[in-house]
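Subject: Handover of a structure

Dear colleague,

Please find the structure below, followed by an account of what was found in it.

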Amino acid sequence: MNESFYIITISFLGISYYKDKTKTKKALKKAWNSFENILPQFLGVIVLVGIVLSVFNAEFISKIIGNESGWYGTLISAVVGAITLIPGFIAFPAASLLLENGAGYMQIGTFVSTLMMVGAITIPVESKYFGKRLAVTRNIIAFFFSLLVGYIIGKVAGWL
Amino acid sequence: MIKRYRFFFITAVLLAIIFLINRELGLKAVNVTGYAFVEMASIIPPIFLLLGLLDVWVPRETMIKYMGEKSGIKGIILSFVIGSAAAGPLYGAFPIAAVFMKKGVKFTNVLIFIGAWSTTKIPMFLFELSSLGSKFAVTRLLIDIPGIIIIAFLLSRFIPEEEIEKIYIEAESL
């Protein structure tokens, strides 16, 4: 996936350079400026991710989501999903393993949803672009929406 | 300069303290940080290069026409498609959203783009489908599509107009 993203970008850059060198230079400069602008937040977030993930490791997560049931377990899995930043290609197989080991669909559905939609740790980056109020409100709404998603996934899994 | 890096310094000091208290946990945190850094470093360059190119090549009028105030359903669908075609974690969407705002994209469309990027990415959906099954993945997708639109409209209601204007002005300088 990543490679194709690079190939697309490099081809666009090539076409751009072929068509207009000055414009391409301007684009590169803009790319660098916007990157440099957000770099401090990114660095801070990366270290924070390291700290949080070393505390909330896989065994810890599976322990609280795997054995609990009901809204209590759902709420915990929602919070864990909201504060961790696990890439999908790790999270989905892990979630599937948890389901096989008796975790509930409601808990896993909520966990996957907050994992993708809520980013408590990246709020500093989000605030830089959207302001604190919008960043915080978006994350709160997405958190409650994820509880609904988990609830519906739990119901659907029961029906089918 | 120092003020900009304050947040980073605080987290670095926190990491150092953890290291002093519990060496093993500290080492693990450094490892995860290194891993996250490599992941970010591999995802970020194309995102910023693409948005630089977008900024230079696509005229504001074009973006307004397709995704601006009067773009209607067409704008909503387009925001969904662009967000879903993306790769990479959510934080990659924010710089692109800033360029969208700079180019006059409607606020709800910017929010729909963010929502789509966060949860309806096509490559991720296919992966979810294969690991968690169609019952799980399809149900989630079907709830997420209206959910993203509702959240976008709720947010643009909740946030006062002056603040949205401020966010757009800020985006100019990013």
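**The interface between the two chains**

Chain B and chain A bury about 6900 Å² between them, and 79% of that area is on carbon and sulfur atoms; buried area is the accessible area (1.4 Å probe) that two parts lose on being put together, summed over both. In chain B, the residues that lose the most area to chain A are Trp57(B), Phe94(B) and Leu174(B), together 9% of what that side buries.

Please note that this is a predicted model, in which local features need pLDDT of at least 70 and side-chain atom pairs count only at pLDDT 80 or more, while totals for chains, interfaces and linings use all residues. Residues are numbered from 1 along each chain as its sequence is written, chains are lettered from A and ligands numbered from 1 in the order in which they are written, and side-chain values use heavy atoms, with hydrogens and water left out.

In terms of contact (heavy atoms within 4.5 Å), 74 residues of chain B meet 74 residues of chain A. Three salt bridges are found across the interface, a salt bridge being a side-chain nitrogen of Lys or Arg within 4 Å of a carboxyl oxygen of Asp or Glu. Lys30(A) forms a salt bridge with Asp55(B), where the closest N and O atoms are 3.4 Å apart.

Of the elements of chain B, H2(B) supplies the largest share of the side that touches chain A, with 26 residues. By class, this side of chain B has 54 nonpolar, 10 polar and 10 charged residues; Ala, Val, Leu, Ile, Met, Phe, Trp, Tyr, Cys and Pro count as nonpolar, Asp, Glu, Lys and Arg as charged, and the others, Gly among them, as polar.

**The fold of chain B**

Chain B has nine helices and zero strands, where helices (H or I, at least four residues) and strands (E, at least two) are DSSP runs, numbered from the N terminus. The C-alpha atoms of chain B fill a box of roughly 55 × 45 × 35 Å along the principal axes.

**The second largest pocket**

A pocket is an open set of points on a 1 Å grid over the protein atoms alone, where a 1.4 Å probe fits, with protein on both sides within 12 Å along at least five of seven lines; lining residues have an atom within 4 Å of a point. The second largest pocket is lined by 28 residues, and Phe12(A), Leu50(B), Leu51(B), Leu54(B) and Ile82(B) lie nearest its centre. H1(A) gives the largest share of this lining, seven residues. The lining divides into 24 nonpolar residues, three polar and one charged.

Yours sincerely
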